[in-house]
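Biologist: I am new to this one and would like to go through it piece by piece. Could you put it up and begin with a term I will need?

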Amino acid sequence: MPRKKRMQKPVIKLGPLTVRAVKGEPGRWLWRAEFYPSGGGGKMRTRSMSRGRGDRYDREEAIQRAVQMLADGVHLENRPGVGAAGESRTVETVRDLLEAWLGRMQERVGGELRRATFLGYRGAAKRLVALPLASVALDDVQAVHCSRAVAHLRARYADSTTSQALLNLRMAWRWGVEEGILLRPFPGKPWLRGPSAQHMPTVDDVLRTLDHLNDVEAPTEASRLRNTQTVLAAMWMLQTGARPGEVALAHVNDIDWRRSTWTVRNVEGAKTGERIVPIHTTLLESIKEYVATDLGGASSGGLWPPLVDTLSTTDGWRKRIRRAAKSVGVEPWSPKGLRHLAVTRMLAAGIDVATAASITGHSPEILLRSYAHVLDDRRRAAVQALAAPAGKVVPFRKKG
């Protein structure tokens, strides 16, 4: 018998107030307001929004009552919470702060926050709560604690992961200040990782690396399939400028074989909205061959079985590419480098910024800022074209 789907209780965020449905059913909820008053020692206060015992109502009425509570300044009161259960929660340590912050971030999922972003926050928080820093009281946190946390993280993770974890800690701390839980700014200095190891390869570097992956003798059928998938995914990114995660999310039915296009779907894990990307004939034939040979001619479903999750798939591609590049004496590069290479090649070939942005999913403003160096030669050529022809000087008319 299928498990009954759990009912999602509505949550409304109105400035410092979080209005939460405690129990009931759609249209008839029992509501509670939660807030952190300034100077309240980090305790979450709660207030029942019912005017009578068992008073239940819909979302619109909850918003109206919450607005009235804000007007009355209830969220500024520093006294023990009175609610359905008279509960209060103390945020005393770094672990408490991260848990409270994650709770607020989870409430934003589906609205202004993508679920993939929240999962990234949660992963960073898990790494932080495993450190000695997590048990330090918020009032006692000093810059030295943050320095030790950086050292612990760098001993286990890449600098990019360490940087993200520290960034999330600062975000949680800033949220705590805004909510009145904390009364001082973050004590540690921003930690900046060194130059990224990410490298944009040349086309020759890419072809040499992928040729090696094609030619190397795989010990098992599963390993051979992974190599085949890595080569196809790399060529896909090289010829479309797509993000690794977008390629990992591609399905067979996203390909329009007749029109030679690929629909990048707006699904969980995608970074931008839906767009349609043209596919070159050579890439389309490679995808057809792969589907017919390795997927048994499947007409739908994912292209990269067994796909556990997007992150593990793209990470597997990166590891295989870097090993193969090292084997042929090429400076290690990553799938993200293929995106940069594709954009650079389009702009260098004279493709206008708007067209390149529509294909790759960039915004034109970011593309202009990030790839200004590629456009320098074109701007110089444009100025040269505007110069007067040699030997012909336009005279200025003299006054009088």
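Modeller: Two residues are in contact, or touch, when heavy atoms of theirs lie within 4.5 Å. This is a predicted model, in which local features need pLDDT of at least 70 and side-chain atom pairs count only at pLDDT 80 or more, while totals for chains, interfaces and linings use all residues. Residues are numbered from 1 along each chain as its sequence is written, and side-chain values use heavy atoms, with hydrogens and water left out.

Biologist: Which residues does T313 touch, apart from those up to four places away in sequence?

Modeller: T313 lies in helix 10, residues 310-327. Helices (DSSP runs of H or I, at least four residues) and strands (runs of E, at least two) are numbered from the N terminus. With residues up to four places away in sequence not counted, T313 touches A248 and L307.

Biologist: Is T313 buried or exposed?

Modeller: Buried means under 20% relative accessible area, exposed means over 50%, and partly exposed is in between, with a 1.4 Å probe and protein chains only. The relative accessible area of T313 is 13%, so T313 is buried.

Biologist: How many helices and strands does the protein have, and what share of its residues is buried?

Modeller: The protein has 14 helices and 8 strands. Of its 400 residues, the buried share is 38%.

Biologist: At what angle do helix 6 and helix 7 pack?

Modeller: An axis is a line fitted to C-alpha atoms, for helices over the stretch in contact, and angles between N-to-C directions run from 0 to 180 degrees. The axes of helix 6 and helix 7 are 9 Å apart, and the packing angle is about 160°.

Biologist: Which residues of helix 6 and helix 7 make the contact, and how many are nonpolar?

Modeller: Helix 6 contributes V206, L210, L213 and N214, and helix 7 contributes N227, T230, V231, A234, M235 and L238. Ala, Val, Leu, Ile, Met, Phe, Trp, Tyr, Cys and Pro count as nonpolar, Asp, Glu, Lys and Arg as charged, and the others, Gly among them, as polar. By class, this contact of helix 6 with helix 7 has no charged residues, 3 polar residues and, as nonpolar ones, 7.

Biologist: Is T209 buried or exposed, and what does T209 contact beyond its neighbours within four places?

Modeller: T209 belongs to helix 6, residues 203-215. With a relative accessible area of 0%, T209 is buried. Beyond its neighbours within four places in sequence, T209 contacts I321, A324, A325, V328, V330 and W333.

Biologist: Are helix 7 and helix 11 roughly parallel or roughly antiparallel?

Modeller: The axes of helix 7 (residues 221-240) and helix 11 (residues 335-348) come within 7 Å and cross at roughly 30°. Helix 7 and helix 11 are therefore roughly parallel.

Biologist: Which residues of helix 7 meet which residues of helix 11?

Modeller: On helix 7, A234, M237 and L238 take part. By class, the contact with helix 11 has 7 nonpolar, no polar and 1 charged residues. The residues they meet in helix 11 are P335, L338, L341, A342 and R345.

Biologist: How many of the 14 residues of helix 11 are buried?

Modeller: Helix 11 is mostly covered. Its buried residues include P335, L338, L341 and A342.

Biologist: Where is S260, and is S260 buried or partly exposed?

Modeller: S260 is in the loop between strand 6 (255-256) and strand 7 (261-264). S260 has a positive phi of about 55° although it is not a glycine. At 21% relative accessibility, S260 counts as partly exposed.

Biologist: What is omega for the cis peptide bond that joins P305 and P306?

Modeller: P306 is in the loop between helix 9 (281-294) and helix 10. For the cis bond joining P305 and P306, omega is about -10°.

Biologist: Which residues does A172 contact beyond its neighbours within four places in sequence?

Modeller: A172 is in helix 5, residues 159-179. At 0% relative accessibility, A172 counts as buried. Leaving those neighbours aside, A172 is in contact with L97, L98 and W101.

Key: Parallel < 35°, antiparallel > 145°, perpendicular 65-115°, else oblique.
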